[in-house]
Amino acid sequence: MDNNLFACLIKDAKVLNNKCDYNSSKKILVSLLEENLSDQQIIDACKVLCLTERKLGNYESALNVIEKAVGVARNIIDEVGTSDVDSFASAIETYAICLMNQGVVYDQQGIYVNAIPIYRKAKELFRQIYLRNLENPGILINALFTLGMALLNNGNMLEARETFEEALPLFQENFDGNKELDERYHAITSALELINESLQQH
């Protein structure tokens with residue numbers, strides 16, 4: 001499909017989602033996925049449809065959709081190969097983002113035992129990306145924060161603490177000392193206080 005037309009339809013779906021008109025958004029996206037799309041277009045449409053299905057409470061459908069995106073993203077990595085470093089890194093990032101979306105479907109249902117290993121896998125991929133571009137730790141911070149919260153919600157206090165502590169030094173690099181401006185920093189430090197209080201009581 002023409003990229004401009006595809007972008008317009010995706011934008012329309014996102015606008016409808018922002019208006020909480022999820023059924024209309026879903027109609028656009030389901031129809032879109034029946035078209036002849038490129039691999040990247042399939043992934044982009046699936047990510048938005050996954051969010052839409054989650055908003056509708058259709059978690060099984062959301063999981064099926066994002067699993068399709070994960071599969072396509074994994075195939076792109078194999079097709080790109082490692083000879084083109086930039087293309088390979090971009091394919092890895094796309095795959096990791098799809099994995100995070102997959103984890104969220106389980107996370108939102110409280111099925112942390114399924115979400116955590118997916119988040120761990122995505123985190124390691126984001127770490128590889130970060131090591132190639134130390135000026136942009138934001139995606140790794142997001143992965144560590146999301147994993148840490150899932151571990152905390154699952155009662156894995158020690159591992160959650162280690163995960164949050166791993167994220168803290170990245171804020172200094174990311175925000176040049178202005179880490180107090182980032183909501184994730186406050187959420188992590190609050191979670192660490194909660195964890196330490198809980199561990200001291202046991």
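**Entry 1: H7 and H9**

I looked up how helix H7 passes helix H9 and found a left-handed crossing, meaning that the near helix is turned anticlockwise from the far one by less than a right angle (clockwise would be right-handed). The model is predicted; local features need pLDDT of at least 70, side-chain atom pairs count only at pLDDT 80 or more, and totals for chains, interfaces and linings use all residues. Residues are numbered from 1 along each chain as its sequence is written, and side-chain values use heavy atoms, with hydrogens and water left out.

H7 covers residues 138–153 and H9 residues 183–200; helices here are DSSP runs (H or I, at least four residues), numbered from the N terminus. Their axes come within 11 Å and cross at roughly 30 degrees. I note that axes are lines fitted to C-alpha atoms over the stretch in contact, with angles from 0 to 180 degrees between N-to-C directions. H7 is therefore roughly parallel to H9 (angles under 35 degrees count as roughly parallel, over 145 as roughly antiparallel).

On the H7 side I listed Gly138, Ile141, Asn142, Phe145 and Leu152; H9 contributes Arg184, Ala187, Ile188, Ala191, Leu194 and Ile195. Contact means heavy atoms within 4.5 Å. By class, this contact has eight nonpolar, two polar and one charged residues (Ala, Val, Leu, Ile, Met, Phe, Trp, Tyr, Cys and Pro are nonpolar, Asp, Glu, Lys and Arg charged, the others, Gly among them, polar).

**Entry 2: H5 and H6**

I next examined H5 and helix H6 (residues 112–132), which pack at an angle of about 155 degrees with their axes 8 Å apart. H5 is therefore roughly antiparallel to H6. Their crossing is left-handed, and the contact residues divide into 18 nonpolar, three polar and five charged.

Within H5 (residues 85–108) I selected Gln102. Gln102 counts as buried because its relative accessibility is 11% (buried is under 20% relative accessible area, exposed over 50%, partly exposed in between; 1.4 Å probe, protein chains only). Leaving aside neighbours within four places in sequence, Gln102 is in contact with Leu63, Ile66, Glu67, Val70 and Ile118.

**Entry 3: Val80**

I located Val80 in helix H4 (residues 59–80). At 26% relative accessibility, Val80 counts as partly exposed. Not counting residues up to four places away in sequence, Val80 touches Ser87, Phe88 and Ala91. From Val80 to Leu151 I read 71 residues in sequence and 34 Å in space, C-alpha to C-alpha.

Definitions and conventions
Helices (H or I, at least four residues) and strands (E, at least two) are DSSP runs, numbered from the N terminus. Angles under 35 degrees count as roughly parallel, over 145 as roughly antiparallel, 65 to 115 as roughly perpendicular and the rest as oblique.
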